[in-house]
Each structure stands twice: as structure tokens, then as C-alpha cells.
Amino acid sequence: MTLKALAQSLGITLKYLFSKPVTVPYPDAPVALKPRFHGRHVLTRHPNGLEKCIGCSLCAAACPAYAIYVEPAENDPENPVSAGERYAKVYEINMLRCIFCGLCEEACPTGAIVLGYDFEMADYQYSDLIYGKEDMLVDVMGTKPQRREAKMTGKAVKPGYVVPYVRPELEGFRAPTEGGKK
Amino acid sequence: MNYPLDPYWVVALKALLVVIGLLTAFAFMTLIERRLLARFQIRLGPNRVGPSGLLQPVADAIKSIFKEDLVVEKADRVLFVLAPLIGVVFALLAFGAIPFGPPGSFFGYQPWVLNLDLGLLYLFAVSEMAIYGIFLAGWASGSKYSLLGSLRSSASLISYELGLGIALLAPVLLVGSLNLQDIVNWQKENGWLFLYAFPAFLVYAIAALAEAARTPFDLPEAEQELVGGYHTEYSSIKWALFQMTEYIHFITASALIPTLFLGGWTMPFLEVPYLWMFLKIAFFLFLFIWIRATWFRLRYDQLLRFGWGFLFPVALVWFLITALVVALGLPRSYLLYLSALSFLVLLAGLFYSPKPVRKGGGA
């Protein structure tokens with residue numbers, strides 16, 4: 001320990017005093033997520049609007065936490081819901097059990113279920129943490145509590161994250177990207 | 001020097017102002033220190049309560065008042081309660097003697113509470129009484145950690161008091177008065193005292209850090225070794241009183257260094273009453289926080305060795321030199337040259353940096 005070292009160390013801290021803090025003031029400012037972040041699941045659609053999910057239950061079989069419940073039904077040929085023979089009449093994920101490992105995404109033969117970015121799912125009741133189809137289809141923005149709040153305040157859902165770009169698997173999912181592009 | 005005395009009610013009012021001012025300053029210093037330390041560590045610091053965290057001190061106060069006030073079973077109840085009060089009262093007393101502006105500049109009254117011919121001695125006596133607060137707290141707690149912490153603080157405070165006191169003798173000899181107003185006036189006429197007594201200034205600044213138990217010398221609260229030091233067993237408002245004592249010592253030290261060595265409220269140009277004094281205090285507060293953000297804590301033996309083996313001899317040698325110059329009636333410019341020389345020695349020490357030598361025992 002020399003006087004020089006002491007003086008130099010003062011210089012180092014002074015330099016940091018005038019540099020920008022690295023803290024992300026999270027609820028006020030969005031968190032920067034990576035494009036492959038594992039967040040709330042998204043059920044994607046084909047460009048023609050048909051659901052990709054064919055109700056095969058492979059995701060439920062792959063799920064290590066037994067968090068997924070799928071109940072398939074036959075498509076009406078006149079007015080199909082999905083692109084295949086059958087579609088998922090009920091598609092539920094228990095977010096309390098889900099460990100966001102992404103195995104469902106890997107198991108899916110049609111690329112219907114993709115892990116998205118939403119992570120602010122904290123809620124008051126168990127029943128509210130079971131997400132159905134209506135909570136996970138691509139056009140839905142935000143999580144259940146976020147949408148509930150948006151409904152109450154009359155404001156749009158404000159996600160707490162931002163991503164550099166939306167990965168192509170999340171076809172049609174509108175996530176806030178850096179630079180404001182949607 | 002004699003200045004017209006203020007009526008008693010003005011003195012009482014000023015005393016009240018000083019107390020309120022110091023307590024407010026304490027509250028906001030905690031916030032400022034936390035925010036500054038955070039910025040030094042590239043964090044944001046507390047910014048949730050009120051606009052940019054400005055109401056944090058209020059929240060802290062409410063919290064510390066309503067926390068459970070524990071008194072441990074083995075504690076000596078009377079002294080346990082008395083110790084923090086002693087600390088705070090004597091810390092508050094010290095500030096009154098410091099002049100903040102030219103005589104008669106406080107709405108026609110004097111900008112100080114006390115004008116004592118014994119000024120410096122009074123400050124010493126009062127700020128030393130704070131050791132009783134610390135020591136009694138450690139003793140009355142009936143806890144090993146508290147006792148060890150208080151022993152440490154008392155030993156380091158008493159050791160550094162020597163360097164501090166002898167460093168002060170140089171300016172006192174030059175000015176020929178213990179009165180703080182006289183010291184400031186002398187500096188107004190003859191130039192700031194750090195020019196005449198640079199080593200004494202350095203020793204005083206370092207020892208003042210130790211007196212306020214600030215970072216390189218903050219052994220009393222070395223959490224890693226002593227849990228909480230002398231206030232381990234204290235909680236709630238009593239603990240807050242100890243924090244208060246510490247911060248008031250810190251503020252007083254930051255006000256005393258400029259008063260004694262940097263011309264107090266005076267400035268060679270653009271003299272605005274109060275402004276320069278407050279700026280100088282703010283500078284030293286910032287410097288001490290900066291040091292806290294940067295340097296590490298000394299080991300206990302290093303602390304004592306530094307105090308006795310370096311600060312004390314340097315202060316003593318400079319005191320003897322000053323005494324020689326004053327006693328033989330030599331021109332004061334000799335002291336200026338010697339001060340400049342010591343400054344050069346310090347600079348040389350900054351640029352001369354040998355590889356650290358490792359001796360046995362990890363010294």
C-alpha cells in the first residue's frame with residue numbers, strides 16, 4: 001500500500017461517481033430481456049389465422065412438471081379452428097407448476113406453443129394462475145393480472161420488458177422491442 | 001477579542017437553531033451519504049420515498065422510533081439509557097463555538113452561539129466527553145462484543161486525540177489565541193493557516209477522520225469482527241441516537257477543519273457571509289464520503305501504530321518547529337517555506353511507489 005495507490009484508488013471511485021448507474025429501476029423502466037427468454041407461453045397461429053395447435057398432447061407428455069392439460073376435439077371441416085384434423089378444445093397450463101424449461105416447445109410438432117416474454121404473473125388465487133387458451137393466444141397482450149389491471153384502469157397493458165427483436169418462432173407476437181419497433 | 005454580547009433570548013434562539021440545523025443535517029446526511037456511496041458504486045441508491053428519495057430520512061425516523069426498544073437482561077439499565085444521551089448531547093454542544101460569518105452578520109447579531117476565549121479547549125473537552133457515551137454504552141450493554149467495540153473505540157479515540165491536539169498547537173502558537181473568532185480573523189489578515197502549517201493540517205484532517213470514526217478508521221463498527229461494535233445491543237431510537245452522534249461528529253469535524261486551517265468563513269475574493277463556510281463544510285463532507293467509498297478499513301494494530309508512530313511524531317515535530325519560530329521571533333515566512341517543503345515531500349511520496357514488501361505475519 002503506497003500513497004500513490006491510495007490516490008489512484010480515489011481516482012477510480014471518482015470516475016465511477018460520474019458514470020451512469022447500472023441499476024435498472026425495474027418497475028419504472030423495462031427490463032432488457034434476451035430474445036430467447038423463457039416467459040409465458042404463446043399459442044401461435046398460421047398466417048391465415050388458423051391455430052397451429054392440433055391438440056396432439058405431445059407437449060403435455062413432454063412436460064416434466066405435468067403442468068399442461070389438453071383436451072382435443074374434431075375440427076368442423078366447414079369452419080376449422082386449426083390447420084389439422086383436430087384442435088385443442090381446452091388448452092390449460094398451470095403456471096404454478098410450470099418450470100419454464102421449454103420442453104413443450106421442443107416437443108410440439110407444429111410449433112404451436114412457444115415460450116414468450118411475459119413474466120409478471122404474480123397473482124392472488126391459484127385458479128387465476130391456470131392459463132387457458134384465451135390467455136395465451138398470440139393476439140393476447142400481457143399476463144392475467146396485467147390484463148385485469150388494464151381493464152380496471154382503462155389503460156393499455158404495459159409489459160415490464162423490452163427485447164432486441166422478437167424471435168421468428170413467436171410468429172405474430174407483438175412484444176415491445178428496443179427502438180420502439182413492434 | 002471581545003465582541004458585543006447578544007441578548008440571552010437571541011443566544012437561546014441561536015442554540016435552538018444550531019440543534020435543529022444539526023439534526024436536520026444529520027437526517028439528510030444519511031440520505032446524501034447513501035446516495036453518494038451508491039453513485040460511487042454505480043448504483044442509484046434510495047430513491048423510492050418521495051421525489052428522488054428526499055423523504056427517506058422521515059421514513060427512517062418513523063421506523064427507528066417505532067421499532068421495539070430492547071434492553072438486554074444483563075444491561076445496567078440506567079447507564080444503558082444514559083450512554084446514547086451523553087453521546088448526542090456532547091456532540092451537539094461542540095458545534096456552537098464555530099463562527100459562520102463576520103461579527104454582527106446574523107441579522108445584526110453574532111453568527112455563533114458561544115464566543116469563548118477557551119474556544120478550542122472547550123471543543124476538545126466537549127468532543128472528548130463523547131467517549132464516555134461510547135464507553136458507557138459498551139460497558140452497560142453487558143455483552144462481550146459491545147465491550148470489545150467500546151474498548152477499541154476508546155483506545156483509538158484517545159490515541160488519535162494526541163495527534164489531533166498537538167497538530168492544533170501549531171496554529172494556536174501562531175495566532176496566540178484559543179478563540180476560534182481570533183483564529184479566523186488572523187487567517188483573514190495573514191493568509192490561511194494551512195499555508196503555515198501544512199503537516200499540522202494533514203495530521204488534523206486524518207485524526208479528525210479517526211475521531212469521527214469514519215472509514216479508514218471505523219473500527220468501532222467493524223461489523224465483520226464485532227457485530228455492531230459498541231452499539232451491538234442497542235436498537236430503535238437509542239441506536240438512532242448513536243448514529244446521530246456519529247454524524248454530528250462528522251459534520252463538526254468537517255466544519256472545524258476549514259475553520260482552523262482554511263480560513264473559516266473568509267475567502268480572499270468574493271466574500272459572501274455563510275456561503276464559503278457552507279461550501280467548505282460541504283467539500284469536507286464530500287471528501288470524507290469519497291474516502292469511505294474508496295478506502296479499506298485498517299487493522300486495529302495498524303490503526304494504533306499509524307496514530308502513535310506517524311501522526312503523533314509529525315504533529316510533535318511541526319509543533320516544535322513552530323514553537324522555535326515563534327519563540328526566537330523568526331519571520332513567519334520560514335514556516336511558509338517549510339510547509340511548502342512538506343507539501344513537496346507529500347508529492348514525492350505520491351510519485352515514489354516501491355513494490356510492497358511482504359514481511360512475515362502478513363503485515
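Guide: Let's start with Asp123(A) and Arg148(A), which form a salt bridge with their closest N and O atoms 2.8 Å apart. Asp123(A) sits in the loop between strand S5 (113-115) and strand S6 (130-131) of chain A, and Arg148(A) in helix H5 (residues 144-153), 25 residues apart. Keep in mind that this is a predicted model, where local features need pLDDT of at least 70, side-chain atom pairs count only at pLDDT 80 or more, and totals for chains, interfaces and linings use all residues. Residues are numbered from 1 along each chain as its sequence is written, chains are lettered from A and ligands numbered from 1 in the order in which they are written, and side-chain values use heavy atoms, without hydrogens and water.

Visitor: Why is the pair Asp123(A) and Arg148(A) called a salt bridge?

Guide: The term asks for a side-chain nitrogen of Lys or Arg within 4 Å of a carboxyl oxygen of Asp or Glu. At 2.8 Å, Asp123(A) and Arg148(A) qualify.

Visitor: What makes Asp123(A) count as buried or exposed?

Guide: Buried means under 20% relative accessible area, exposed over 50%, and partly exposed in between (1.4 Å probe, protein chains only). Asp123(A) has 18%, so it is buried.

Visitor: Why is Tyr337(B) called exposed?

Guide: Its relative accessibility is 59%, so Tyr337(B) counts as exposed.

Technical notes: Helices (H or I, at least four residues) and strands (E, at least two) are DSSP runs, numbered from the N terminus.
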